[in-house]
Each structure stands twice: as C-alpha cells, then as structure tokens.
Amino acid sequence: MNMQTSNVMAPPPPKRLEDMKLPTVMMRDILLKTMFRKNVDMVSDVAKAVCLPLAVTQQIVDMAREQRLLEATGTLNANNGNEMGYQLTDAGKARALDALAQSEYFGAMPVPLDVYREQIKRQSIRNIQITRDQLTNAMGHLILPPTLLSELGPAVSSGRSILMYGPPGNGKSSISNGIRDAMGDKVYVPHAIEYSGQVITVYDPIVHSAAEGDTQDANSLRRTARFDSRYVKCDRPTVITGGELSLNMLDLVYNPTARTYQAPLQLKSTGGIFIVDDLGRQEEPPQALVNRWIVPLEESKDILALQSGEKFEVPFDTLVIFSTNFHPNEIFDQAALRRIFYKIKIDGPSQENFLKIFALVAKKKGLPLDEGALIHLLKNKYPTIDNTYANYQPVFLIDQMIAICEFEGIPYQMSPELIDRAWANMFVKDEHIVK
C-alpha cells in the first residue's frame, strides 16, 4: 500500500452558497432540472441528487421559492424526519423545461475549474514518491533485470513522461500496468466541472474506479460530510490507448443533443497515468501525436476549445507513458525526443533469465521440466532466430505443449517433439502461397 494515502487532502465541502463560486442562475436551474427529471421533493433527497450539503441546498431552494419557482407542498413527511416537501410551480416547470432546452445536464452540481485546479495541486502525481519495494511488489509477476527498476523508479516518482521502447513481446504493457498498481493512494475526481457557464463531465466509471466504502450516502449529508460530495474518491486513474488513439480523442467532446461537454481522455486521467501503447500503429504519425503533447508535457497545462472557438487552459497533471516497438530515432525528431524526460529500453531477457521465466511458468502451470527438451530448444531452435529471446515466449511454448498433451490424452510432459510442434505455431514460415 502506498504511504501517501493520508497526504492527499480531501476537497472541503462548501458551507455557504458563496463558497460554490458558481453562477447563481446556473445552480438554481440545475436544482430545478434535477427536481423535474428525478421527481424528488424532499430537500435531503434533492441535496443527495445535486451532491451538496443540506444547508447549501436549502439556500438554493429558498432562492427558488422567493422567485416563485418552487412552493412548499404543505405536507410533512413522517418517514423523513418531518421534512417539508417542495414542488415546482407552473413557472418553475416552464423554467426547468427552458433550462433543459439549453442544456440537458442535471444532477451533481459542477465544480468551477479554478476550484478543481486547487484540488489537482493537493493530489498531484508529482507529489508521489514510489519506493523500490513498492515498485518491486507491483512488478512481482515479472522477471526484470534490477537495473530496469533503478531506471523506472525515479522516472515514475518524477511524474514526468516516459518512453519505453524495444522489441515486441517483452512486457512493456505489463510494466506500464505495474507502474499503475504501485500507486496505492486515492484521488478525488469531480462528477463535472464548470467553465464559462459550460458543464464538462469528468467522472467516467469506465476510467475511474470509485474507492469501496467511500461513497457518501444520504445519511452522511445530515452529518458533517467528510469531503465535498461533488467529487468521487477514486484510485488514481489509468487510461490505456493503443492503435485506436487519434488526435481528436484529445479534444473536448461536445454532445449536441445534451448540449454538454465530456472531458477528453487526458483530462480524465488527471492525477494518474496515460499510457499510449503501440506508438507507431496509430493512423496519425507518432511525431504528430507527440507534438500534440509538447505544451502539456513542458508547461503542465493543456489548451482545450469550446464549440464557440473559445480556448482555455486546464491543468495537465498526468504521467504519460509512451510504449513502442520502434527505435525512437525512427519515429521522432530530436526536438520531440528532448521533450520526453525518460527513455527506457525494454529488451528481451538473457538466456539465463529466459530459463528462469520458463521454469517459473512451467511450475505454475504444472508442466514438468525435461532437460533433453530444454537442450533441444536452446541448441536447435533458438539459433534459427539468432538466439533472440522474448518474455512472451515461455508462456506461449508451455501453453502450446499443454494444449497438445490435452488433445493427445497424455500426461503433461515436455519432449523435443513437443517443443518442435509448439515452436511451429510461434512463427509463420516466410513462403509464397500459390494462388
């Protein structure tokens, strides 16, 4: 477990309407839309729906009552601590429908961008210090040379950018995931943020995993909330993209029907990791993708644009990991390479490490080792591919031999003949097919 857990300061809940720093009309309209769409009438239920403390919600309700958009129903709900119920007046319904026509957004009150900016500083990826033990434990399932962890540790703790390169099949993706697992602490992700009167949704259950037991229920709204419930307490996020990544995925996504925005991938990964896997397989050239990241990587800020064309700055607080099978000099110019702080080569294992991995995998899968079969593999098979070992090969060969044994109905075993049959499936012969 990461020792920094207690260091992330939770966003304090707002105590008064002024603490919200949102336009009052926006808050009133979101409250009306939420009551209209969710059919809630008790202030405690409304507070839960808009993710605000009871006192602040009551202030917005009172404001809407003064404007004759809400009225008390005149009935006390015995099940709800004798709370007074409220309903939308005809003018309130008309206002809710008008507001929905402008933006379908309702529910959790957004956090102003400037307020979220402060929270990002409190939970910055740059504040993390990962120890060798943490990284070793997270990579426990991988056999890695000790020098690799010595390079990775400072790179991860810096929270800057990392380029991992080397031949395919040596665990660049697994190492990226191990880095993610080493970060054991939590961050606070807003349901939505507000900029210039526009709502941008940030929390995404596909990207963010809410910390168990940390969602605040309605009852906690009656007590002192532990943190601003417009946020969700989550594990540090990880976004993994591969060949499907395109430049427009890094822009704000506008939904013309709902008239709201969705945060781009890199904003969703704030406080966490953004992995660009298989760089060089995307439609856009790698140089173009890296050029898009240059300002964020250097200045810790990104520039996004609204539909109107208005550009604005958002914090960029993400550890970016690029992973490629190409040599960096083949896909980047020197200016781009300079801007990536750490370049780490992930090579295939030595013969000694290959045998270690092979023995570990065989033991785990219940396949007895056979000296004759291993000598055949090392002396007769590997020389045909210039003795190029890769981390994926032990698992591949062992799984193939197990599948053959199961098909033939024989006990799990290893032999030169089974090695030959497994090897034949690992590579495709370079031959012309007669049409």
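**Entry: Lys345 and Asp347**

I began with Lys345, which comes out partly exposed, at a relative accessible area of 43%. A reminder to myself before going on: this is a predicted model. Next I looked for a charged partner and found Asp347, in a salt bridge with Lys345 whose closest N and O atoms are 3.5 Å apart. Asp347 is likewise partly exposed, its relative accessible area being 43%.

**Entry: salt bridges overall**

How many salt bridges does a search of the whole structure find? I got 22. I also noted a network of salt bridges that joins Arg28, Asp29, Arg95 and Asp98.

**Entry: Glu118 and Lys121**

I then turned to helix H5, which covers residues 113-122. Within H5, Glu118 and Lys121 sit 3 residues apart, so about one helical turn separates them. In general, an α-helix has 3.6 residues a turn, so residues three or four places apart point the same way. I checked the side chains of Glu118 and Lys121 and found them meeting in a salt bridge, 3.4 Å from N to O. For accessibility I wrote down 38% for Glu118, which is partly exposed, and 55% for Lys121, which is exposed because the cut-off for that class is over 50%.

**Entry: Glu298 and Arg339**

The side chains of Glu298 and Arg339 form a salt bridge at 3.1 Å, N to O. This pair does link distant parts of the chain, with Glu298 in helix H11 (residues 286-299) and Arg339 in helix H13 (residues 334-339), 41 residues apart. Glu298 is partly exposed at a relative accessible area of 44%. Arg339 is also in the partly exposed class, at 24% relative accessibility.

**Entry: H1 against H3**

At what angle do helix H1 and helix H3 pack? I read about 90 degrees for H1 (residues 24-38) and H3 (residues 54-66), with the axes 10 Å apart. An angle from 65 to 115 degrees counts as roughly perpendicular, so H1 is roughly perpendicular to H3. On the H1 side, the contact is made by Thr24, Met27, Arg28, Leu31 and Leu32. On the H3 side, I listed Thr57, Ile60, Val61, Met63 and Ala64. Sorted by class, the contact of H1 with H3 comes to 7 nonpolar, 2 polar and 1 charged residues.

**Entry: helix H15**

Which residues of H15 (residues 371-381) are buried? I found Ala373, Leu374, His376, Leu377, Leu378 and Lys381. These buried residues pack against three helices: H14 (351-365), H16 (393-408) and H17 (416-426). I also looked at the N-terminal end of H15, which is capped by Asp370. There, a side-chain oxygen of Asp370 lies 3.2 Å from the backbone nitrogen of Gly372.

**Entry: Lys311**

My last stop was Lys311, in strand S14 (residues 311-315). Buried or exposed? At 61% relative accessibility, Lys311 counts as exposed. Setting aside neighbours within four places in sequence, I found Lys311 in contact with Tyr195, Ile303, Leu304 and Ala305. I also took the separation from Ser415, 104 residues away along the chain: the C-alpha atoms of Lys311 and Ser415 are 65 Å apart.

Notes. Residues are numbered from 1 along each chain as its sequence is written. This is a predicted model: local features need pLDDT of at least 70, side-chain atom pairs count only at pLDDT 80 or more; totals for chains, interfaces and linings use all residues. Side-chain values use heavy atoms; hydrogens and water are left out. Buried means under 20% relative accessible area, exposed over 50%, partly exposed in between (1.4 Å probe, protein chains only). Helices (H or I, at least four residues) and strands (E, at least two) are DSSP runs, numbered from the N terminus. Contact means heavy atoms within 4.5 Å. A polar contact is a pair of N or O atoms within 3.5 Å; within protein, one must be able to donate a hydrogen and the other to accept it, and residues adjacent in sequence count only if both atoms are side-chain atoms. A salt bridge is a side-chain nitrogen of Lys or Arg within 4 Å of a carboxyl oxygen of Asp or Glu. Axes are lines fitted to C-alpha atoms, for helices over the stretch in contact, and angles run from 0 to 180 degrees between N-to-C directions. Angles under 35 degrees count as roughly parallel, over 145 as roughly antiparallel, 65 to 115 as roughly perpendicular and the rest as oblique. Ala, Val, Leu, Ile, Met, Phe, Trp, Tyr, Cys and Pro count as nonpolar, Asp, Glu, Lys and Arg as charged, and the others, Gly among them, as polar.
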